[in-house]
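Try each task before you turn to its solution.

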Amino acid sequence: MSRSNFNNAVVSFLVPLPSILFYLYFVNHLQTNNGGASLSPLWSWCFHHPLLLANVLFFFNVNVLFWIIGHIQSSNWMIDLYWTVIPVMLVYYYATHPLAQFNLWRSKVVIMLTWVWSIRLTHNYFRRENWQWGAREDWRFTDMRRQYGRHWWWISFFAVYFSQQIFLIGICLPLYVVHSVDKPLNMWDFAAASACLCGIVIAYFADTQLHDFVTTNSKLKQLGKPMVPNLDRGLWRYSRHPNYFGEQLWWWGLVVFAWNLGHGWTFVGALINSMCLAYVTVLVERRMLKQEYRADAYRLYQKTTSACVPWFKSSVIALKDKDT
């Protein structure tokens with residue numbers, strides 16, 4: 001392990017400690033004060049406003065601290081890694097907050113699913129980064145860094161970090177609802193869990209197929225052989241972005257949990273995330289079309305393959321496959 005890789009790993013493990021230690025101190029302080037009978041204004045506010053407290057901790061520990069670290073390192077890599085971790089931290093925070101009330105089995109199912117989702121996405125992150133910590137930042141951040149030049153240092157606070165607070169807190173609202181309402185399990189919980197699990201499985205296989213494709217092309221490039229212009233096998237035969245579809249199915253499955261508990265308004269977080277991902281999809285496809293060796297193949301792929309929801313190839317490709 002290189003020195004920079006080791007240092008980034010250490011920073012990654014240490015960086016959430018301020019929030020964790022603050023919250024543990026708050027819970028301990030509450031227990032030693034007869035469950036909140038005589039609290040100071042600060043601890044009383046923390047007790048009565050769990051959702052606002054989550055936002056405050058996110059703002060200072062992620063927005064501010066991550067931004068400072070990113071500025072020092074000239075790389076905003078850490079937010080990508082913590083996208084896979086923060087939902088796990090949030091679900092435990094909501095489940096252990098003194099005001100939490102919930103059905104135990106629903107909570108166990110949601111926590112387990114969140115862990116499975118997080119492990120899947122964390123594995124994909126490190127596999128994509130060749131098992132390196134902080135090897136690079138997201139290419140979109142790199143593009144914006146070039147675009148905004150000397151103003152990027154302050155724009156990055158809003159574009160990279162503050163925006164992530166809106167997305168992550170928003171899409172994790174169902175985790176808060178699950179631990180705010182105590183209602184017996186019913187068939188909708190099983191439907192929600194099934195949607196979440198299907199989303200995780202689809203995203204796993206889609207990302208694995210993409211990883212294998214990229215790895216094969218890298219080997220072909222090293223050997224000086226022509227690269228395969230487009231991935232249109234497996235799940236990618238039926239959707240241009242099956243990994244995105246699986247990820248969205250996971251988040252909308254969580255919304256079903258919240259809707260079943262009378263808080264359907266939490267769909268707003270998943271909707272904003274879906275709209276953002278739709279825009280990211282446009283950026284990704286524009287980037288694909290700029291690569292000369294695959295531009296023509298990808299244009300044909302766009303015309304004949306569903307953008308997100310898996311569906312059958314168009315009749316043009318079906319006839320072509322039949323003829324060949």
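**Exercise 1: an enclosed helix**

Eight of the 11 residues of H6 are buried, so this helix is largely enclosed by the rest of the structure. The model is a predicted one, in which local features need pLDDT of at least 70 and side-chain atom pairs count only at pLDDT 80 or more, while totals for chains, interfaces and linings use all residues. Residues are numbered from 1 along each chain as its sequence is written, and side-chain values use heavy atoms, with hydrogens and water left out.

Task: state which residues of H6 are buried.

Solution: Begin with the term: buried means under 20% relative accessible area, exposed means over 50%, and partly exposed lies in between, with a 1.4 Å probe and protein chains only. Helices are DSSP runs of H or I with at least four residues, numbered from the N terminus. The buried residues of H6 are then Ile-86, Pro-87, Val-88, Leu-90, Val-91, Tyr-93, Tyr-94 and Ala-95.

**Exercise 2: the largest cavity**

Task: find the volume of the largest cavity and say which residues line this cavity.

Solution: On a 1 Å grid over the protein atoms alone, a cavity is a set of points where a 1.4 Å probe fits but cannot get out, and lining residues have an atom within 4 Å of a point. The volume, which is the space filled by probe spheres set on the points, is about 30 Å³ for the largest cavity. Its lining consists of Phe-66, Ile-69, Gly-70, Gln-73, Ser-75, Asn-76, Trp-77, Met-78 and Tyr-161. The largest share of this lining, four residues, comes from H4.

**Exercise 3: a positive phi**

Task: say where Asn-130 lies and what its phi is near.

Solution: Asn-130 lies in the loop between helix H7 (104-128) and helix H8 (139-148). Its phi is near 55°, a positive value in a residue other than glycine. At 57% relative accessibility, Asn-130 counts as exposed.

Definitions and conventions: 1 Å grid on protein atoms, 1.4 Å probe; cavity = no way out; pocket = protein on both sides within 12 Å on 5 of 7 lines; lining within 4 Å. Helix = DSSP H or I, 4+ residues; strand = E, 2+ residues; numbered from the N terminus.
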